[in-house]
Amino acid sequence: MKRLLYILLCSALLSLTSCVESPKGDNNNNIPDGEKGVLTLNISSRAAESALPDFTLCIYQKGGASEMLVRKYSAGDEIPEYIWLLEGNYTATIESGRAEAASFGNSYYFGKSDFTIKGGERCKVDLVATLQNIPVEVVFDESIKEG
């Protein structure tokens, strides 16, 4: 009897903790209301290949002189089409590679965009990652022996 009571109590607690309130607004059309807004990112790069390998996407909320990380996505993560954020000023950054002034074959791409989320509105942001370092390639041919 105690075992049955214990199982019922655990299942009741589990069912209460699993309840989550869905975001307000029309979720079918992702139309926000109140103090939340929706961010849609258009990520592009000026890379030779179409996709950035091993990228990191971060969204920071600005608060005076400091910035607080609110979202972070890596290359293996799926970036949602609609990102719900509270009203405020934000910065989105994307980077791929390792930051070096010059590198033998390793490219470093970085992009940054500031935007403002207003409650009840959508915000579309274009985030472009551009090449930040100079890839160096050294090629030796037969004429080096003559010199």
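A residue is called buried when its relative accessible area is under 20%, exposed when over 50%, and partly exposed in between, with a 1.4 Å probe and protein chains only. In the chain shown above, 24% of the 147 residues are buried. The structure is a predicted model, in which local features need pLDDT of at least 70 and side-chain atom pairs count only at pLDDT 80 or more, whereas totals for chains, interfaces and linings use all residues. Residues are numbered from 1 along each chain as its sequence is written, and side-chain values use heavy atoms, with hydrogens and water left out.

Confidence is expressed as pLDDT, the predictor's confidence in each residue on a scale from 0 to 100. Its mean over the chain is 78, and 71% of the residues reach 70 or more. Across residues 19-27 the value is below 50, and this stretch has eight contacts in the model beyond near neighbours in sequence; a contact means heavy atoms within 4.5 Å.

The chain contains two helices and nine strands, taken as DSSP runs numbered from the N terminus (helices: H or I, at least four residues; strands: E, at least two). Read from the N terminus, the order is α-β-β-β-β-β-β-β-β-β-α. Of the contacts with a separation of 6 or more, 62% join residues 24 or more positions apart. The chain exposes about 10,600 Å², of which carbon and sulfur atoms supply 53%; this area comes from the Shrake-Rupley method with a 1.4 Å probe.

Aromatic rings of Phe, Tyr and Trp (its six-membered ring) form a pair if their centres lie within 6.5 Å; planes under 30 degrees apart count as stacked, over 60 as edge-to-face and the rest as tilted. The chain has one aromatic pair by this rule. The ring centres of tyrosine 90 and phenylalanine 115 are 5.7 Å apart and their planes are at 15°, so the pair is stacked. It links distant parts of the chain, with tyrosine 90 in strand β5 (residues 88-96) and phenylalanine 115 in strand β7 (residues 109-117), 25 residues apart. Both tyrosine 90 and phenylalanine 115 are buried.

Strand β5 also holds threonine 93, which counts as buried because its relative accessibility is 13%. Leaving out residues up to four places away in sequence, threonine 93 touches Thr56, Leu57, Cys58, Tyr60, Phe110, Gly111, Lys112 and Leu127.

Leucine 69 belongs to strand β3 (residues 66-74) and, at 44% relative accessibility, counts as partly exposed. Apart from neighbours within four places in sequence, leucine 69 contacts Cys58, Ile59 and Tyr60. The C-alpha atoms of leucine 69 and isoleucine 59 are separated by 6.0 Å, although these residues are ten residues apart along the chain.
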